[in-house]
Amino acid sequence: MSRHDLRSAFLPPKMASATATYGQKESSDQNFDYMFKILIIGNSSVGKTSFLFRYADDSFTPAFVSTVGIDFKVKTIYRNDKRIKLQIWDTAGQERYRTITTAYYRGAMGFILMYDITNEDSFNAVQDWSTQIKTYSWDNAQVLLVGNKCDMEDERVVAADRGRQLSDQLGFEYFECSAKDNINVKQTFERLVDIICEKMSESLDNADPAVTGAKQGPQLTEQPERPHQDCAC
């Protein structure tokens, strides 16, 4: 297997028709080093759509409109001298859409598993969402646990320590964020991308050079800065 083939193993399945609806310019732009498929999952109303729009468009609207099925946005970023195209999928949290959304887990390299710090039920559901990731995604998918709406400290019902404890139990890194106040949104996505890149580099470094045709994977020369992971509201 060539390095190109190995890199292709990290690309999501073809979704040309969906990409075309997003925009001709983005869909036709193939000038990137890697493409990562990332899913945002969690119960309904935890703020997944607002989180995505804050990151992709730097916009926020307080109006709540429940996502129907699944939607996505594309954003290209630079990390460690690599141009990385992110396909970020916003999934519906309602049970009736679960069969649809789990079909998109395949090929996802990263997950943002989100709960609402003001909603105990959304926190209690994290374990079930984690099980779904393990069931429907590939083994090397990376996951971050995110407690959203940390701007609503007066309404908090899930303490940050409980979030950290659960993330340690599940083996995920933990962030508290606010899409409304733009707290830790960019840092969350960048940390997830860095973890994916690190795992890719490890996979290429550990691969047999006779098989890959290369001794090393992508050179990730810069050590990613560790962001502050708690909300400073």
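This is a predicted model: local features need pLDDT of at least 70, side-chain atom pairs count only at pLDDT 80 or more; totals for chains, interfaces and linings use all residues.
## A phenylalanine to start from

Which residues does phenylalanine 189 touch, not counting residues up to four places away in sequence? They are Ile40, Phe51, Tyr55, Ile88 and Ile112.

The chain has 10 helices and six strands. It runs to 233 residues, of which 51% count as buried. If we take the contacts between residues at least 6 apart in sequence, 75% of them join residues at least 24 apart.

Phe189 belongs to the largest nonpolar core, a set of 29 residues. Within this core, the residues that touch the most other members are Phe36, Ile40, Phe51, Leu86, Ile112, Phe189 and Val193. Several elements give two or more residues to the core: the strands are E1 (34-42), E3 (82-91), E4 (110-116) and E5 (142-148), and the helices are H4 (48-57) and H9 (185-206). Helix H9 supplies the largest share, with eight residues.

## H4 against H9

H4 and H9 pack with their axes 9 Å apart, at an angle of about 85°. Angles of 65 to 115 degrees count as roughly perpendicular, and the two helices are therefore roughly perpendicular to each other. On the H4 side, the contact is made by Phe51, Arg54 and Tyr55; on the H9 side, by Val185, Lys186, Thr188 and Phe189. By type, the residues of this contact divide into four nonpolar, one polar and two charged.

The buried residues of H4 are worth a look alongside that list. They are Lys48, Phe51, Leu52, Arg54, Tyr55 and Ala56, and so the H4 residues named in the contact with H9, Phe51, Arg54 and Tyr55, are buried under the cut-off of 20% relative accessible area.

## H7 beside H8

Helix H7 (residues 126-136) packs with helix H8 (residues 160-170) at an angle of about 25°, and their axes are 12 Å apart. Since angles under 35 degrees count as roughly parallel, H7 and H8 are therefore roughly parallel to each other. The crossing in which H7 passes H8 is right-handed.

Val126, Gln127 and Ser130 make the contact from H7, while Leu166, Gln169 and Leu170 make it from H8. These residues divide into three nonpolar and three polar, with no charged ones.

From alanine 160 to phenylalanine 175 the C-alpha to C-alpha distance is 9.2 Å, across 15 residues of sequence.

## A buried serine in a loop

Where does serine 178 sit? Its place is in the loop between strand E6 (173-176) and H9. With a relative accessible area of 0%, serine 178 is buried. Its contacts, leaving aside neighbours within four places in sequence, are Asn148, Lys149, Cys150, Asp151, Ile183 and Val185. One of these, Val185, also takes part in the contact of H9 with H4. Cysteine 150 lies 28 residues away from serine 178 in sequence, yet the two are 5.3 Å apart in space, C-alpha to C-alpha.

## Two aspartates with positive phi

Aspartate 58 follows H4 and lies in the loop between H4 and strand E2 (70-79). Its phi is near 55°, a positive value in a residue other than glycine.

Aspartate 81 is found in the loop between E2 and E3. It is not a glycine either, but has a positive phi of about 65°. Is aspartate 81 buried or exposed? The relative accessibility of aspartate 81 is 64%, so this residue counts as exposed.

Note on methods. Residues are numbered from 1 along each chain as its sequence is written. Side-chain values use heavy atoms; hydrogens and water are left out. Axes are lines fitted to C-alpha atoms, for helices over the stretch in contact, and angles run from 0 to 180 degrees between N-to-C directions. Helices (H or I, at least four residues) and strands (E, at least two) are DSSP runs, numbered from the N terminus. Angles under 35 degrees count as roughly parallel, over 145 as roughly antiparallel, 65 to 115 as roughly perpendicular and the rest as oblique. A crossing is left-handed if the near helix is turned anticlockwise from the far one by less than a right angle, and right-handed if clockwise. Contact means heavy atoms within 4.5 Å. Ala, Val, Leu, Ile, Met, Phe, Trp, Tyr, Cys and Pro count as nonpolar, Asp, Glu, Lys and Arg as charged, and the others, Gly among them, as polar. A nonpolar core is a set of buried Ala, Val, Leu, Ile, Met, Phe, Trp, Tyr and Cys residues joined through side-chain atoms within 4.5 Å. Buried means under 20% relative accessible area, exposed over 50%, partly exposed in between (1.4 Å probe, protein chains only).
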